[in-house]
Amino acid sequence: MIDAIKARRSVRTYDGRAVDEDVLLQLLADTALCGNPFDIPVSFRFLDAKEHGLVCPVVTGTELYVGGKIKKVPHASAAFGYSFEVFVLRAQAMGLGTVWLGGTMNRAAYEAAMELAEDEMMPCATPLGYAAQKMSVRETVMRKAIHADERLPFEELFFDGDAATSLSRETAGDLAVPLEMVRLAPSAVNKQPWRVIVKDGAAHFYCKRSKGVGSGELDMQMVDMGIALCHFALAAQECGLDIEFMQADPHLAKDMEYVASYRVK
């Protein structure tokens, strides 16, 4: 999955080809593997835009979308982010383009297509298809506006022992690659809310919230935190690290919201 993380970018302009049937069948089967460490199931559904009246003004060249829904329970947003990013990365590994959609869509139509129950929510969806060779003008402008190809420096995201001491790649040791994969993760309007404090062999994930990004029931920055946890776990496993998920705030940061931790056994 490290190669998929490195190669993936958000795709809003597709070339119009239908997804190969064998690829789609494999991806359908793979949704059963898109779990998360919070043990909250995410249900996936493949949606035809014409059939369901789905509209997304920033996406062109595909009529195929994938939505996900989850029960409204504690940690649901982070769990959704984790599971949906597993799906996104599996799609990337199969040569398919995706883009996380949270606001630029007629949400009511998507939620109706997902047949949401009162105790469920659909934080995000994605188009699915083959990326066009050239981006649309609108996509190019959007990417420039949010600096989509830029990420904060390693030392501004990751910390050694406390929230005041920056962590270098050299000091990070075996965690350097998993943390770099966190740094490359996508996030709502590229706000990169994740901060990780490494202490005593554990990586503690905190959310540094930005103003103007949804919280509340549809907590997009907590969805982003789930994506970050996903990248860390998949990369750590690929690097041969034996990690354990836990939720026990070590109280290392006062101005950030604790989410979860991974400890290297």
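1. Basis. The model is predicted, so local features need pLDDT of at least 70 and side-chain atom pairs count only at pLDDT 80 or more, whereas totals for chains, interfaces and linings use all residues. Residues are numbered from 1 along each chain as its sequence is written, and side-chain values use heavy atoms, with hydrogens and water left out.

2. Overall form. The protein chain holds ten helices and nine strands; these are DSSP runs numbered from the N terminus, helices being H or I of at least four residues and strands E of at least two. A compact globule of 265 residues would have a radius of gyration near 18 Å, and the chain agrees, with 18 Å. That radius is taken over C-alpha atoms, and the globule rule is 2.2 Å times the number of residues to the power 0.38. Along the principal axes, the C-alpha atoms fill a box of roughly 50 × 40 × 35 Å.

3. Surface and contacts. Of the 265 residues, 52% count as buried (buried is under 20% relative accessible area, exposed over 50%, partly exposed in between, with a 1.4 Å probe and protein chains only). The accessible surface is about 12,000 Å², and carbon and sulfur atoms account for 51% of that; areas come from the Shrake-Rupley method with a 1.4 Å probe, and for residues only the protein chains shown count as cover. Among contacts (heavy atoms within 4.5 Å) between residues at least 6 apart in sequence, 72% join residues at least 24 apart.

4. Nonpolar cores. A nonpolar core here is a set of buried Ala, Val, Leu, Ile, Met, Phe, Trp, Tyr and Cys residues joined through side-chain atoms within 4.5 Å. The largest has 66 residues, and L179, F205 and F232 touch the most other members. Helix α10 (residues 220–238) gives the most to this core, with 13 residues. Apart from it lies another core of 18 residues, including V58, L101, A109 and M122.

5. F205. Setting aside neighbours within four places in sequence, the contacts of F205 include M225, A228, L229 and F232. Also among them are V182, R195, E257 and Y262.

6. Helix α4. Residues 76–93 form this helix, and 15 of its 18 residues are buried. G95, with a positive phi near 85 degrees, follows α4.

7. Salt bridges. The count is eleven, taking a side-chain nitrogen of Lys or Arg within 4 Å of a carboxyl oxygen of Asp or Glu. K71 pairs with D119, with the closest N and O atoms 2.9 Å apart. This pair links distant parts of the chain, 48 residues apart: K71 lies in strand β2 (residues 64–71) and D119 in the loop between α5 (107–113) and β3 (120–121). K71 is partly exposed at 38%, and D119 is partly exposed at 38%.

8. Bridges within helices. E111 and R107 meet at 3.3 Å, N to O; they are four residues apart in helix α5, about one helical turn. E111 is partly exposed at 24%, while R107 is buried at 17%. In helix α9 (residues 176–183), E180 and R183 are three residues apart, and their closest N and O atoms are 2.9 Å apart.

How values were computed
Expected span 1.5 Å × (residues − 1).
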